[in-house]
Amino acid sequence: LWGHSMGACTCLLYAASGGDQVASAMVVDSSFVSLEVVIQETAAVGKQKLAESVAPAITLMPDMFIPMAVAAIRRSIQNQAEYDIREVNPLSKCDKLLLPALFGHA
C-alpha cells in the first residue's frame with residue numbers, strides 16, 4: 001500500500017483493521033495524526049488569511065471558538081452520518097499494525 005496525507009492515514013487505518021491480510025507492506029508519506037487536529041489547524045490558518053485579506057476584525061474573535069466550532073461540526077457529522085471524526089486517528093491504531101512500513105514526512 002502507498003498513501004500520501006489522507007491516503008497515508010487511510011493506509012494506516014486499513015492496515016490496523018485487518019488489511020494486513022491483503023497487503024504485505026506499506027509506504028506512508030506525510031500522514032496526519034488526527035483529523036480533528038487538522039480541522040482545527042486549518043480553521044486557524046483560514047482565520048489568519050481572512051484577517052489579512054478582507055476581514056481584519058476577525059482577529060478580535062478568540063481562538064477558543066475554533067474548538068467549539070469543531071465540536072459542533074463533529075456532533076453534526078455524528079447525527080447525520082453516524083460517524084465520529086475522532087475515529088480518524090491513525091496514531092491511536094499504530095499499536096495494532098503488523099505490516100512493515102516505511103514512514104516519510106516532509
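Glu82 lies in the loop between α3 (65-81) and α4, where helices (H or I, at least four residues) and strands (E, at least two) are DSSP runs numbered from the N terminus. This is a predicted model, in which local features need pLDDT of at least 70 and side-chain atom pairs count only at pLDDT 80 or more, while totals for chains, interfaces and linings use all residues. Residues are numbered from 1 along each chain as its sequence is written, and side-chain values use heavy atoms, with hydrogens and water left out.

Most residues other than glycine have a negative phi. Glu82, however, has a positive phi near 55°, and Ser5, which is not a glycine either, has a positive phi of about 60°. Accessibility is given as relative accessible area, with buried meaning under 20%, exposed over 50% and partly exposed in between (1.4 Å probe, protein chains only).

| Residue | Relative accessible area | Class |
|---|---|---|
| Glu82 | 72% | exposed |
| Ser5 | 31% | partly exposed |
| Glu36 | 14% | buried |

Ser5 is placed in the loop between β1 and α1. In the helix α1 (residues 6-16), the buried residues are Ala8, Cys9, Cys11, Leu12, Leu13, Ala15 and Ala16, and their cover includes β1 (2-4), β2 (26-29), α4 (90-93) and β3 (101-104). After α1 comes Gly18, with a positive phi near 105°.

Glu36 belongs to helix α2 (residues 35-53). Apart from neighbours within four places in sequence, Glu36 is in contact with Val70, Arg74, Ile85 and Arg86, contact meaning heavy atoms within 4.5 Å.
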